[in-house]
Amino acid sequence: MNQDVILITGASGQLGIVLTEKLQEKYGIANVIATDLRCNTEFKGQFEILDVTDFDAIKTIVLKYQVTQIYHMAAILSAKGEGSPLSTWDINMSTFFNVLEVSRLNQVNKVFFPSSIAVFGDNIQRENTPQSPNLTPTTVYGISKAAGENWANYYYKKYGLDVRSLRYPGVIGYQSLPGGGTTDYAVDIFHKAVNNEAYECFLNATTMLPMIYMEDAIRATIELMDVPKEKITIRTSYNIAGMSFNPKQLALSIEKSYPNFQMTYQPDFRQDIANSWPMSIDDSQAKNDWNWQPKYNLELMTADMLKNLENKYNSNPITI
Ligand code: AKB
């Protein structure tokens with residue numbers, strides 16, 4: 001079997017940073033090409049500056065390294081996207097079209113497309129949201145992800161391009177910071193807690209949302225990409241679940257280790273976005289098709305986040 005060569009777009013983003021490291025472990029550092037508009041200063045490995053809106057620039061990198069798989073992680077997220085709806089649509093869609101077309105025309109054999117719980121919207125069953133309800137997303141990010149899922153399916157059916165996708169819940173990790181999402185509070189809160197600072201939450205106390213720990217999110221991604229093709233029955237995007245909680249429950253979980261932790265609530269425009277999203281997710285299709293199983297619940301995630309952030313801040317004190 002020929003060695004796979006992996007290209008990651010958005011490699012300096014919240015998931016991209018961690019995914020790049022895991023893929024380097026799996027495929028070897030020389031076979032993973034991380035790309036983004038900017039290079040993160042601590043990055044080790046092969047990096048190329050890449051603007052994914054530039055078709056020729058992607059093609060050049062794909063040909064230069066003989067890329068066989070693309071993980072397309074670059075996107076503008078839900079909250080940030082609302083500041084500039086039309087350019088968010090343009091960027092999220094044109095980058096994905098570029099990745100799909102470059103892949104189809106240049107023998108890239110697998111593509112990963114991250115979708116999101118943002119594809120759901122008003123009128124869904126919000127508890128245990130099923131795999132295939134009517135998708136009526138309320139953000140431009142959600143609209144672009146729902147459209148992207150259908151294009152993934154289209155490229156698979158029309159051209160046989162093996163595009164695979166997950167609908168990520170809010171992702172929580174200590175390794176990197178999120179930027180511009182509605183679920184970002186669930187990461188920011190930990191940084192404040194370990195620095196003994198209070199946190200003002202932009203969602204109200206009872207806003208239940210689906211979340212997943214970074215370790216589980218990355219493992220799900222790599223497991224899906226490794227599954228034999230014939231096991232994949234969903235060519236739009238798989239629901240995956242980790243845990244579900246609201247800000248109050250998260251604060252209580254943190255208070256077990258930080259009894260003086262203070263949280264206040266000042267809901268802003270992100271509250272309306274969160275209100276249109278599921279509270280929990282039915283991921284039975286992913287469980288049936290490729291044995292998906294999350295490992296982290298609220299308690300395990302909180303303990304691991306606190307331990308790792310305490311180490312991080314003790315060895316390199318900075319504030320956010
Ligand atoms: C966001 O909040 O926009 C993202 C997501 C759930 O896709 N974290």
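In helix α1, residues Gln-14, Leu-15, Val-18, Leu-19, Lys-22, Leu-23, Lys-26 and Tyr-27 meet Met-214, Ala-217, Ile-218, Thr-221, Ile-222 and Asp-226 of α7. Contact here means heavy atoms within 4.5 Å. Helices are DSSP runs of H or I with at least four residues, numbered from the N terminus. By class, this contact has nine nonpolar, two polar and three charged residues. Nonpolar covers Ala, Val, Leu, Ile, Met, Phe, Trp, Tyr, Cys and Pro; charged covers Asp, Glu, Lys and Arg; the others, Gly among them, are polar.

A note on the model. It is predicted, with local features needing pLDDT of at least 70 and side-chain atom pairs counted only at pLDDT 80 or more, while totals for chains, interfaces and linings use all residues. Residues are numbered from 1 along each chain as its sequence is written, and side-chain values use heavy atoms, with hydrogens and water left out.

Back to the helices. Two packed helices are described by the angle between their axes and the distance between the axes. For α1 and α7 the angle is about 55° and the axes are 10 Å apart. The axes are lines fitted to C-alpha atoms, for helices over the stretch in contact, and angles run from 0 to 180 degrees between N-to-C directions. That angle makes α1 oblique to α7. Under 35 degrees counts as roughly parallel, over 145 as roughly antiparallel, 65 to 115 as roughly perpendicular, and the rest as oblique. The crossing of α1 and α7 is right-handed, meaning that the near helix is turned clockwise from the far one by less than a right angle.

The helices α1 (14–27) and α7 (214–226) each also supply at least two residues to the lining of the second largest pocket. Which of the elements gives the most to that lining? It is α1, with four residues. The pocket has a volume of about 160 Å³, and its lining includes Val-18, Lys-22, Met-214 and Ile-218. Tyr-174, Gln-175, Tyr-296 and Asp-304 are also among the lining residues. By class, the lining divides into six nonpolar, one polar and five charged.

A pocket is an open set of points on a 1 Å grid over the protein atoms alone, with protein on both sides within 12 Å along at least five of seven lines; a cavity is a set where a 1.4 Å probe fits but cannot get out; lining residues have an atom within 4 Å of a point. Points are joined across faces, edges and corners, and a volume is the space filled by probe spheres set on the points.

Next, the cavity. The structure holds one cavity of 30 Å³ or more. The largest cavity has a volume of about 40 Å³ and is lined by His-72, Ala-74, Ala-75, Asn-92, Thr-95, Phe-113, Ser-144 and Lys-145. Two or more of these come from each of α4 (85–105) and α5 (140–159). The lining has three nonpolar, four polar and one charged residues.

How do α4 and α5 pack, and at what angle? The angle is about 20°, with the axes 10 Å apart, which makes α4 roughly parallel to α5. Their crossing is right-handed. Among the contact residues are Asn-92 of α4 and Ser-144 of α5. The contact divides into 14 nonpolar, four polar and two charged residues.

Last, α6 (residues 185–194) and α11 (residues 298–315) pack at about 55°, axes 10 Å apart, and are therefore oblique to each other.
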